[in-house]
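Here are my notes on the aromatic pairs and the nonpolar core. Please read them beside the model.

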Amino acid sequence: MHKTSLVLHLLAGVHLGYTVYYEYLYVQMPYLAIYFGVLPSVGGKFKYLTFLNGVLQCIYYLIAILHDLLRLRRLRQLRDYLLASLVLPLALTVSLTFWTLCVIDGESIFPSFIQVIYPEWLNWTMHCGVSIYPFLDLYISAHQYPKRSHGLSALTTALLLYLIWMYYVVYSTGKWIYPFLGALLPVTRICFFAVVIVAAFGYYLVGERINCALWKCSKESGP
């Protein structure tokens, strides 16, 4: 299983690493969309949760590869903590939120002018592949989930920091990162954020349950 784990981590690392590199370098938002205020000019790629999640996954798989090669206890603890608290729940948040909004109103989350410059393979990797790899990782290698309160605290902190970052962009430019948010009433917008956060907590618990079903749970896991 050790060799299989290394192969998976190498495959995921190279695949997602190239994807993030390609998006950062070659997928440039149309200048007119920014000039006319359709998209905010602050933050570049780093204002999008999808891109930030891709970067996070690249960091995770680098750490996982180093652990596969060096077998250090600290690297394993960091690998397991990242997968449980951030990598899996944020990947599912990105994937399920994106595809749910696409079903409801695709143009609001993935406008036509972006589809022109955003290759289909890139879209599927950033919104599907990022969720497939963590589940394969759970299946192939045992992971030690942290105490639930610790894992959920890290996830909550990450989500709140992104919300703060999002509101900073709005404050600086007057434009929402995702234009559909600007069309919502303030109360509706708050409810949307609350649903996304609660769902992310649910994704954390799903990962924890799956890990327990596949591998013997440690006494350290749980509340």
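**Notes on ring pairs and core**

1. Across the whole structure, the search finds 22 aromatic pairs. Rings of Phe, Tyr and Trp (its six-membered ring) pair if their centres lie within 6.5 Å; planes under 30 degrees apart are stacked, over 60 edge-to-face, and the rest tilted. The model is predicted: local features need pLDDT of at least 70, side-chain atom pairs count only at pLDDT 80 or more, and totals for chains, interfaces and linings use all residues. Residues are numbered from 1 along each chain as its sequence is written, and side-chain values use heavy atoms, with hydrogens and water left out.

2. Phenylalanine 180 and phenylalanine 192 form an edge-to-face pair, because their ring centres are 5.5 Å apart and their planes lie at 85°. Phenylalanine 180 sits in the loop between helix 7 (148–173) and helix 8 (186–214), and phenylalanine 192, twelve residues away, in helix 8. Helices are DSSP runs (H or I, at least four residues), numbered from the N terminus.

3. Phenylalanine 180 is buried at 14% relative accessibility, whereas phenylalanine 192 is partly exposed at 23%. Buried means under 20% relative accessible area, exposed over 50%, and partly exposed in between (1.4 Å probe, protein chains only).

4. Ring pairs also join Tyr18, Tyr21, Tyr22, Tyr26 and Trp121 into a cluster.

5. The largest nonpolar core has 54 residues, and Tyr60, Ile109 and Tyr118 are among those with the most contacts inside it. Helix 4 (73–109) is one of the elements giving two or more residues, and its 14 residues are the largest share. Such a core is a set of buried Ala, Val, Leu, Ile, Met, Phe, Trp, Tyr and Cys residues joined through side-chain atoms within 4.5 Å.
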